[in-house]
Amino acid sequence: MLQRRNKVIAIIIFTAALVLLCFWIGLLFFTREEPEDNTVSEDRISVVLNGMELLVPRDYHCYPDDSDLILYDNNGFAMRLGVREDSFEELLLRKDTLIPEVESKGYTCISTLEERVIDVRSYLFFTIDTDDGIRYMIYSGAGNDSYFGVLVDAGEEEPDEVLERIHVLIDSAWETDQEDTNIYDLLLKQADPVEQENRVFYPNGTFRDAEGRDILTFGIPEGFYAESASDEKIQNYRSRDAAIEVTLRIISGEGSSEEYLEQYMESAHVLQTNGKQAEMNGKTVYYFSEFHEWIWQEKREQYYYFHAALDLEEGTIYWLTGCSMENEEALELETYTEFLTVEEYCD
């Protein structure tokens, strides 16, 4: 009788323990905190750079430049962000060399190297005085074998505000094996969400005036990316595979585009009969191409040039120069069709 009673008690204890265990497992499963949401939202876009994926606030405009990412807003805040090979731990071991390295390039450092921790993330930073104003150089960890280097033009913002801005950006990053985001994807990601939904956005470049208003947009041919595109009067593009460089300018007060092109041809000693014209998007494009060959110390070099001009409003000219040392396609109008397809915005 006693043995049977002990067996019943043991079954009851085992059952209670099993129920309690299931309760705690269920409680743990259904009430645990979800990890931070590293997904793209209406306020952020995903950008991949050198093995790191970042969530960039839509407050920034961004484009790739060489192996870095240029980001800027409409209030004078701008940065060049790069992912460098070497772990942040190894960078810390040689942190005393950071300021001398920058000064060896001709810059003047006006602060000591400071260390700061924000939400367990460590930062190194110091201040640089350049001909164009004050800049901040900031470092922080990226992947296991890489770190972020950020050069910041912060305008009037204080160091604490700058660090908080940078922290919001790079603390969202994680390692990935995806390819870098190219200029076309970036343009699409930065388009209006409705345009993205309907896929009506066409990759283009934009010229803006000093107040930040759009002056005109133009197409970007497949394979070309912006090398520099922040200036109000000049932008530069380069093709990844075709070895062609393109410079776009807005020229004011120089008469008509046809006259300007003729004057340019005369100064370059190019026959006027080489000048041609074509209609693009309702505008007349005047253009010519030229080929030069140089032989120096038994080395032969070819240079292919293309020049085009079209009239804008109020006596301004849209000017394109394309050049290459390798590719004869740099001589052809068809290479630049999208660049010369211009949509102008007038008040």
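The model is predicted, so to speak of local features takes pLDDT of at least 70, while side-chain atom pairs count only at pLDDT 80 or more and totals for chains, interfaces and linings use all residues. Residues are numbered from 1 along each chain as its sequence is written, and side-chain values use heavy atoms, leaving out hydrogens and water.

Let's start with the rings. The whole structure holds 17 aromatic pairs, meaning Phe, Tyr or Trp rings (for Trp, the six-membered one) with centres within 6.5 Å; planes under 30 degrees apart are stacked, over 60 edge-to-face, and the rest tilted. Y60 and F77 have ring centres 6.3 Å apart and planes at 50°, so this pair is tilted. Both Y60 and F77 are buried (under 20% relative accessible area; exposed is over 50%, partly exposed in between, with a 1.4 Å probe and protein chains only).

F77 also has a charged neighbour: the charged end of R165 sits over its ring, 3.8 Å from the centre (CZ of Arg or NZ of Lys within 6 Å of the ring centre and within 35 degrees of the ring normal).
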